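Take a look at the model first, and then read on.

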Amino acid sequence: MLRRTGIIGTLIGLFALLLWAPAAVAAPATSGCGVLAPGASAAAQSAIAAACAQVDAGTWYTWSGGHGDQPGATYGRYDGVDEASRDDGSRLGFDCSGLVRYAYAQAAGSDILNGDASRQYYTTRAAARFTAAQGEAPLLPGDLLAYGSSADLHHIAIYLGAGKMVEARQSGTHLMVSDVRLGGDYFGAVRVNTGAVTGHVFRTWGTGVWTKTAPSVSAGRVYAFPDATSIRVECQKHAETVTSDGYTNDAWAYLPDYKAWMTNIYIQGPAWLDGVPTCA
């Protein structure tokens, strides 16, 4: 009787330990999608979880998918070029930037990355940026990997760690986990700040307004704002006088997220921006 009681007590004790033991970190699903390296913020982990849930659900890539009034899967449309996209209008899913938008909206609780791949890479919410030359070494899970040129970033994906990323790649496929592609037209990466936006934030106006490599209309083009866009301004200076759309101004603003300049004519506010320091 004493022996039986001892066994029962031991079993009860083991059961209690199982109940109170800390939960193990969830392993990636069978798709291989999940946080695959240490160092990710809680928000980045949440964004990855949201994207991976769509992978595990077998969600389709759809051209223009995920760009409705609110973040989430939408029916796509034919892109006018790729025959595989002819079925996108009948498929509920995401394109590359639609998936990134949804994942970080789930993580942040608000729609912080609305827009295409270029706008997401050049976001005012950048906590850090990395060039293509830096490779994979500085990256953490949740960082966004961009592909294309400074003037046209055509693809974006979410880094998972261990040489993997989750992406909405192309019509005719489901969302997937892929090997990170660091060659070709890999442009660089950005780490997303889901907290308060820092710096001097303004809004542009106009359409097709180019940023420049130097404060001059003849300088090289970097990126054209398709329409009104939120930007961070680091500093401003007097440089080449510009006359456009009925305004004349010699003030230029430096935009750190673009590593480029733009005339203050197309920044909403006074000709000389309030509170912004003069560039050294």
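1. Strand 6 (residues 152-161) gives the most to the lining of the largest pocket, namely 4 residues. Strands are DSSP E runs of at least two residues and helices are H or I runs of at least four, numbered from the N terminus. Helix 3, helix 4 (117-121) and strand 12 (221-225) also supply at least two residues each.

2. A word on the source: this is a predicted model, where local features need pLDDT of at least 70, side-chain atom pairs count only at pLDDT 80 or more, and totals for chains, interfaces and linings use all residues. Residues are numbered from 1 along each chain as its sequence is written, and side-chain values use heavy atoms, leaving out hydrogens and water.

3. The largest pocket holds about 430 Å³ of space. A pocket here is an open set of points on a 1 Å grid over the protein atoms alone, where a 1.4 Å probe fits, with protein on both sides within 12 Å along at least five of seven lines; lining residues have an atom within 4 Å of a point. Volume is the space filled by probe spheres set on the points, which are joined across faces, edges and corners.

4. Which residues lie nearest the centre of the largest pocket? They are Asp 95, Cys 96, Ser 97, Asp 116 and His 154, out of 22 lining residues.

5. The second largest pocket has a volume of about 330 Å³. Its lining has 17 residues, with Ile 112, Asn 114, Thr 123, Thr 124 and Ser 230 closest to the centre. Helix 4 and strand 10 (200-203) each supply at least two residues of this lining.
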